[in-house]
Amino acid sequence: MYSEIFKKVVEASQKNNLTFFVGAGVSKLSNAPKWSELIDSLCAELGHGKKDYYSSEDYLRIPQMYYYSVNENLDRYYSFVDKCFDCSNLQPNLVHKMLLDLSPSSFITTNFDDLLEKSSAQNCLSYKSIACDKEVSEIHGDKYILKIHGDLQHRNIVLKEEDYLNYSENFKLIETLLKSIFSTNTVVMIGYGLND
């Protein structure tokens, strides 16, 4: 069974229509925080204890509550998220290298970090990072990393409830490109759990 799946992945790579959809599990191997760990940190900042289990509503509501608690001050909000991720100390792991070895035409990721970009540079490969709508027009057939939840550099992450509610308005071109990728490429998801 797995040999057939791998054969399809290799064929997609050879046809230049392979896309990896990379989730937080891959970044976790580089010691990036899991979503639940970020929520734990936000709860601590809000003066609440951490829970053993968070509902899907908690994952959106708690970042929104934190944002309101800092009076919607984006600098304070992003300063805290930056501290939680500390991207400067994160380094790519073996999985990043293995994915690049399969020469995908693109990556899609919900991760805010820059581990795919770092791994690409370390392996002398050029993948253009696309984290906001104005960058979509810069692809020009290049290989690219589509950051569908924004990134920390652009200060446009999708984390709190209102980010999800306004997604289609704030990421119109990225959303359209994402639909196009799913309709034309072989997309392999890696680093996601069954509850995602």
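A: Two strands count as paired if DSSP finds at least two bridges between them. In this predicted model, five strands make up an open sheet, and their order across it is E3-E4-E2-E1-E5. The pairing is parallel. Strand E3, residues 128-130, and strand E5, residues 186-190, stand at the edges; each has a single partner strand, so one side of each has no neighbour in the sheet. From one strand to the next, the twist averages 20°. As a general point, strands of a sheet pair through backbone hydrogen bonds, in either a parallel or an antiparallel way.

One pairing can be followed in detail. Strand E1 covers residues 18-22 and strand E2 covers residues 106-109; the two run parallel and are joined by four bridges. Phe20 has Phe107 of E2 as its bridge partner.

Helix H7, residues 115-122, lies across E1, E2, E3 and strand E4 (144-147). The angle at which H7 runs to E4 is about 170°.

Setting aside neighbours within four places in sequence, Leu102 is in contact with Phe6, Val9, Ser13, Leu18 and Phe20. Leu102 and Ile181 are 79 residues apart along the chain, and 17 Å separates their C-alpha atoms.

The nonpolar cores come next. The largest one has 23 residues, and among those with the most contacts inside it are Ile39, Tyr77, Phe85 and Leu152. Helix H3 (35-46), helix H4 (56-69) and helix H5 (74-85) each supply at least two residues of this core. Its largest share, five residues, comes from H5. Apart from this core lies another, of 15 residues, including Ile139, Ile174, Leu178 and Ile181. In soluble globular proteins, nonpolar side chains tend to be buried together.

Ile39 touches Tyr54, Tyr59, Ile62 and Pro63, when residues up to four places away in sequence are not counted.

Aromatic rings also pair with one another. The structure holds 13 aromatic pairs. Tyr66, Tyr67, Tyr68, Tyr77, Tyr78 and Phe80 are linked by ring pairs into a cluster. Tyr77 of this cluster is also one of the residues with the most contacts inside the largest core. Over the face of Tyr67 lies Lys160, at 4.4 Å from the ring centre.

Technical notes: Residues numbered from 1 in each chain as written. Predicted model: local features only at pLDDT ≥ 70, side-chain atom pairs only at ≥ 80, totals over all residues. Heavy atoms only, no water. Axes fitted to C-alpha atoms, helices over the stretch in contact; angles between N-to-C directions. Contact = heavy atoms within 4.5 Å. Core = buried A, V, L, I, M, F, W, Y, C linked by side-chain atoms within 4.5 Å. Buried < 20%, exposed > 50% of the residue type's maximum accessible area, 1.4 Å probe, protein only. Phe/Tyr/Trp six-rings, centres within 6.5 Å; stacked < 30°, edge-to-face > 60°. Lys NZ or Arg CZ within 6 Å of the ring centre and 35° of its normal.
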